[in-house]
Amino acid sequence: MTALVLVLSRSILIFFVIVGVLFVWHGIRDASQGESLDLDELQVALFYGAIAPFALGKILPLNDWIARQQQRNPAAMLVLRRCTFTTCCYLAALLMWAVACAMEFLPNQTNRMPATIGLIGIAIAAFAVLRTGITTFLSLSPSGLEYSRFKREPIPWRDIVSSRVAGTSHMIALTLVDEERYVRNGFRAVPHWRSVFVPSRFMVSPDSFDVSPEWLRQAIQIRLDAFGRPNSPTTVQRQGTH
């Protein structure tokens, strides 16, 4: 089921890339033939054209290839961050959407309030993209797993029982020997009120690092096999997946 969902999501994103490229190509062709685009057509071209770089950034798990040697070597220091290429794709899409919204402030345009809301949302999204690219990281070393969102030192492998792909967002759920002890020690975990909706209070997002969920699961399991508890179980997939 997980593999099927990933294939379907990738197929939808590829479709959006094609749609975005077609809109941009249509606008370039009309301009090269001397045809003038009215403002509405240009806004539509920018809006749908922005889908192409956004979807392209989602499709390519570049670190799957870039860091494949470190993934397989448990003794290697594997540090994952979002690729610059992906960040640039997201920012390019947001810039195109921002230009489309800003056109509403030209004379004779009437949708300025929705455009203002859109620009505020785009600014927030751009800040989030930059913040993720700069501050979010995951480090897998012989000493343990360190995730920037946990806000603390690495978790030793002997304290991690298992990892699995879970949820519709394909997060990596970590099962710890004593989750509450880590929460008391200041680790940032999923709040109690949300814990009934997720399989673990310690979750890692592969999407933040341009890797597929299965790739990251395997990287963690390789280190659990090498440095974890002798009787640590193998990685458990989410119930109902194959």
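**Salt bridges**

Mentor: Let's start with aspartate 159, which forms a salt bridge with arginine 181; their closest N and O atoms are 3.2 Å apart. Keep in mind that this is a predicted model.

Trainee: Where do aspartate 159 and arginine 181 sit in the chain?

Mentor: Aspartate 159 is in the loop between strand E3 (144-147) and strand E4 (160-166), while arginine 181 belongs to helix H8 (residues 179-184). The pair links distant parts of the chain, 22 residues apart.

Trainee: And is aspartate 159 buried or exposed?

Mentor: Aspartate 159 counts as buried, because its relative accessibility is 10% and the cut-off for buried is under 20%. Arginine 181 is partly exposed at 30%.

Trainee: OK, next one. What does glutamate 180 pair with?

Mentor: Glutamate 180 forms a salt bridge with arginine 201, with 3.2 Å between the closest N and O atoms. Glutamate 180 lies in helix H8 and arginine 201 in the loop between helix H9 (192-195) and strand E6 (202-204), so the bridge ties together parts 21 residues apart in sequence.

Trainee: How accessible are glutamate 180 and arginine 201?

Mentor: Glutamate 180 is partly exposed at 32%, whereas arginine 201 is buried at 9%.

Trainee: Switching topic: how many salt bridges are there in the whole structure?

Mentor: The search finds four. One of them joins arginine 217 and glutamate 214, at 2.3 Å from N to O.

Trainee: Why are arginine 217 and glutamate 214 separated by about one helical turn?

Mentor: Because they are three residues apart in helix H10 (residues 213-227). Arginine 217 is buried at 12%, and glutamate 214 is partly exposed at 30%.

Note on methods
Residues numbered from 1 in each chain as written. Predicted model: local features only at pLDDT ≥ 70, side-chain atom pairs only at ≥ 80, totals over all residues. Heavy atoms only, no water. Salt bridge = Lys/Arg side-chain N within 4 Å of Asp/Glu carboxyl O. Helix = DSSP H or I, 4+ residues; strand = E, 2+ residues; numbered from the N terminus. Buried < 20%, exposed > 50% of the residue type's maximum accessible area, 1.4 Å probe, protein only.
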